[in-house]
Each structure stands twice: as structure tokens, then as C-alpha cells.
Amino acid sequence: MSAPEELRYTEEHEWVATREETLVRVGITEYAQDQLGDVVFVDLPEVGRQVSAGDAFGEVESTKSVSELFAPVDGEVVAVNDAVADAPELINSDPYGEGWLIEIRLDDPAELEALLEAEAYDALTKG
């Protein structure tokens with residue numbers, strides 16, 4: 001299972017897709033959802049919340065455990081995926097598509113350069 005090339009990644013297993021120059025969509029990786037098992041609940045932040053890179057912004061609960069979600073960048077949460085709140089299993093079935101979590105308006109687009117590229121993320125998860 002290789003990470004999609006067009007995305008950036010964190011060591012905490014979040015993915016980041018650039019939507020516009022200052023807007024990104026965030027989710028958890030296929031590797032992360034596989035480790036979690038069946039996702040049964042997701043706690044997402046309110047729209048308008050400021051997040052800082054590395055800070056927890058929510059939780060994913062599975063049949064195995066509860067894991068915190070960490071912001072990959074600094075910015076403002078401008079959208080949350082209500083579909084995932086209603087049907088958390090979307091994270092398992094389509095982690096890079098319908099299973100996205102939040103969208104963030106970036107404080108500084110240059111922060112994306114600090115995130116892992118697909119090759120580095122694949123090396124991390126195969127280690």
C-alpha cells in the first residue's frame with residue numbers, strides 16, 4: 001500500500017492535500033486506518049477553530065483504541081466532513097477520498113514544505 005504521490009504526510013499518519021494555495025484538506029492515511037481497525041466514532045473540531053501544527057484537534061475511536069488527530073499545519077479550520085461524523089467507517093473504506101476530516105486555511109503555505117513526501121512516508125511505515 002503506497003501513499004499517493006500528490007499528498008504530503010506527517011509522522012503521526014495524517015495526509016495533507018493542497019486544494020488552493022492557502023487551503024488544505026486533512027485526513028488519516030490508509031496505514032493509520034489499517035492500524036486502527038474499524039473506526040466507530042470521530043470527534044472533529046468546530047469550524048473557525050485555530051489549530052497549530054502538532055496540536056491535537058480531535059480523536060478517532062476504533063474497536064481497538066482511541067487515537068488523537070494532530071494538526072499538520074497552523075491555520076483556521078474552515079470545513080469539517082460531516083459525512084465522516086455520521087458514517088465513521090468512511091475512514092476505513094476511503095481514507096484519501098470520502099474519509100477526509102477537515103480543511104484548514106493555512107497561516108503560512110511554506111509550512112507544507114516541512115511535511116513528508118510520499119516516498120519518505122512509505123519508508124516510515126515500512127520501517
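Are Arg25 and Glu103 buried or exposed? I began my notebook with this pair, and I found that both Arg25 and Glu103 are buried. I note at the outset that I am reading a predicted model, and I keep that in mind for each entry below.

**Entry 1: the sheet**

I looked up how the strands are arranged, and I found an open sheet of six strands in the order β1-β2-β3-β9-β8-β5, with antiparallel pairing. I then asked which strands stand at the edges. They are β1 (8–9) and β5 (50–51), and each has a single partner strand, so one side of each is left without a neighbour in the sheet.

I went through some of the pairings one at a time. Strand β2, which covers residues 14–20, is joined to β3 by six bridges, and the two run antiparallel; in this pairing Trp15 stands opposite Gly27 of β3. I also noted that β2 and β3 form a hairpin, with two residues between them. On to the next pair in my list: β3 and strand β9 (residues 102–106) pair in the antiparallel sense over four bridges, and here Leu23 stands opposite Arg105 in β9. At the β5 end I found that β5 pairs with strand β8 (residues 75–80) over two bridges, again in the antiparallel sense, with Gln50 standing opposite Glu76 of β8.

**Entry 2: strand β3**

How many of the six residues of strand β3 are buried? I found that six of the six residues in β3, which spans residues 23–28, are buried, so the strand is described as mostly covered, given that buried means under 20% relative accessible area. I reminded myself that in a regular strand the side chains alternate between the two faces of the sheet. In β3 both faces are covered, with Leu23, Arg25 and Gly27 buried on one side, and Val24, Val26 and Ile28 buried on the other.

**Entry 3: salt bridges**

The structure holds five salt bridges, and I wrote down several of them.

In one of them the side chains of Arg25 and Glu103 meet at 2.7 Å, N to O. Arg25 lies in strand β3 and Glu103 in strand β9, so this pair ties together parts that are 78 residues apart in sequence.

Glu103 also meets the side chain of Arg19 in a salt bridge, at 3.4 Å, N to O. Because Arg19 lies in strand β2 and Glu103 in strand β9, this pair ties together parts that are 84 residues apart in sequence. I compared the cover of the two residues: Arg19 counts as partly exposed at 46% relative accessibility, whereas Glu103 is buried, with a relative accessible area of 10%.

Another salt bridge is formed where the side chains of Arg105 and Glu20 meet, at 3.5 Å, N to O. Arg105 lies in strand β9 and Glu20 in strand β2, so the parts tied together here are 85 residues apart in sequence. Arg105 counts as partly exposed at 32% relative accessibility, and Glu20 is partly exposed too, with a relative accessible area of 45%.

I also noted that Arg8, Glu113 and Glu117 are linked in a network of salt bridges.

**Entry 4: a patch of charge**

Which residues gather in a patch of negative charge on the surface? I found Asp43, Glu59, Glu61 and Glu68 there. I followed up Glu59, which is placed in strand β6 (residues 56–62) and counts as partly exposed because its relative accessibility is 32%.

Pro45 sits in the loop between β4 (39–43) and β5, and Pro45 is buried, with a relative accessible area of 7%.

**Entry 5: a loop residue**

Where does His13 lie? I found His13 in the loop between β1 and β2. The phi angle of His13 is near 75°, a positive value in a residue other than glycine. At 21% relative accessibility, His13 counts as partly exposed.

Notes: Residues are numbered from 1 along each chain as its sequence is written. This is a predicted model: local features need pLDDT of at least 70, side-chain atom pairs count only at pLDDT 80 or more; totals for chains, interfaces and linings use all residues. Side-chain values use heavy atoms; hydrogens and water are left out. Patches are made of residues with over 30% relative accessible area and no salt bridge: like charges are joined within 9 Å, nonpolar side chains (Val, Leu, Ile, Met, Phe, Trp, Tyr) within 5 Å. Accessible areas come from the Shrake-Rupley method with a 1.4 Å probe; for residues, only the protein chains shown count as cover. A salt bridge is a side-chain nitrogen of Lys or Arg within 4 Å of a carboxyl oxygen of Asp or Glu. Lys and Arg count as positive and Asp and Glu as negative; His and the chain ends are not counted. The place of a charge is taken as NZ of Lys, CZ of Arg, CG of Asp or CD of Glu. Buried means under 20% relative accessible area, exposed over 50%, partly exposed in between (1.4 Å probe, protein chains only). Two strands pair if DSSP finds at least two bridges between them.
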